[in-house]
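Work through the exercises below with the sequence and model at hand. Each task is followed by a stepwise solution.

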Amino acid sequence: MELRQLRYFLVVADELHFGRAAERLHITQPPLTVAVRRLERELGVQLFDRTTRRVALTAAGEAFKDRVQAAVADLDDAAGDVADVAAGKSGKIRVGFVSSASYTAVPEAIRAFRQHRPRINLVLNPLTSGEQIEQLLDGSLDLGLIRDPGDVPGLNLELLSTEDLVVVLPDSHRLAAAEEVRPQDLEGEPMILFPYRLMPGFVARVLRLFDPLPTPPVVIQQAIHQETVLGLVAAGLGISVLPESVQRFQMPGVTTRRLTGRPQTELHIARPFGQSPAVDEFIHCLKGEVSE
């Protein structure tokens with residue numbers, strides 16, 4: 001049984017006239033008649049009562065028509081859905097992002113994407129850079145926003161933005177009133193930082209600031225989320241170094257100060273190699289290059 005046979009049957013069932021049905025299908029009548037008879041033989045039932053004056057559906061034909069209409073409609077819908085997914089007009093994309101990106105690129109990109117691609121389900125996952133890299137490589141994520149990744153074999157990386165690093169201090173800290181803080185001013189300070197395995201590039205970049213010091217800051221506490229780091233700093237547990245965008249998160253008891261030399265951190269778009277129009281569209285939204 002072929003889909004073509006089913007479509008032929010539906011047109012004949014609609015017209016109840018083989019000549020008119022053949023015209024609609026842009027074929028001659030003999031092959032249409034042959035196709036319907038072959039379908040009846042395959043089913044083992046008579047679908048039409050035929051006389052020289054009329055064509056009518058049998059009871060079996062009526063029942064078959066109802067089922068075939070639904071099945072063909074489902075197939076047509078499926079074909080349309082697949083085409084829309086391939087064109088990036090519907091479907092689902094899974095996006096990971098570091099917490100600091102939720103203050104910068106992510107909110108506006110989400111608004112723009114949902115406006116221009118409302119039929120795509122956008123699944124958002126706040127994750128560390130290390131977690132995103134693992135999930136991008138194993139296929140659990142379609143796109144990631146990661147910090148200071150370096151080179152990651154198997155992923156396509158594109159710089160999205162840079163921002164200054166700032167030192168985060170308790171309000172009561174001796175340097176809270178300083179206009180600018182030098183790395184040597186933080187010699188021996190207790191520091192709160194992300195676990196290296198979860199944010200390796202960012203942690204390496206921060207620790208590198210203190211390489212020349214005889215006594216660099218001591219990491220006494222690790223935390224996964226930026227908000228947790230801020231809370232621990234506010235509690236007086238230690239200092240930290242974070243992206244400048246952290247200033248948008250107003251945590252009571254915390255002061256941020258510029259670092260001498262304006263060291264920077266990079267936010268990268270990471271994705272597996274390959275084509276995905278929906279992912280491409282979200283990247284356009286991240287860059288503020290929304291296509292119409």
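**Exercise 1.** Find the residue that stands opposite Val 168 in strand 10, then describe the pairing of strand 6 with strand 10.

Solution. Val 168 has Ser 240 opposite it in strand 10. Strand 6 and strand 10 (residues 240–243) are antiparallel and share 4 bridges; two strands pair if DSSP finds at least two bridges between them. Strands (E, at least two residues) and helices (H or I, at least four) are DSSP runs, numbered from the N terminus. The model is predicted: local features need pLDDT of at least 70, side-chain atom pairs count only at pLDDT 80 or more, and totals for chains, interfaces and linings use all residues. Residues are numbered from 1 along each chain as its sequence is written, and side-chain values use heavy atoms, with hydrogens and water left out.

**Exercise 2.** How many bridges join strand 6 to strand 12, and how many join strand 6 to strand 11?

Solution. Strand 6 (residues 155–170) runs antiparallel to strand 12 (residues 264–272), with 9 bridges. Within this pairing, Leu 157 is partnered with Ala 270. Strand 11 (residues 254–259) is joined to strand 6 by 5 bridges, also in the antiparallel sense. There, Val 167 has Arg 257 as its bridge partner.

**Exercise 3.** Is Ser 99 buried or exposed, and which residues does Ser 99 touch?

Solution. Ser 99 lies in the loop between strand 3 (91–97) and helix 5 (105–116). Its relative accessible area is 18%, so Ser 99 is buried (under 20%; exposed is over 50%, partly exposed in between; 1.4 Å probe, protein chains only). Not counting residues up to four places away in sequence, Ser 99 touches Gln 226 and Glu 227 (heavy atoms within 4.5 Å).
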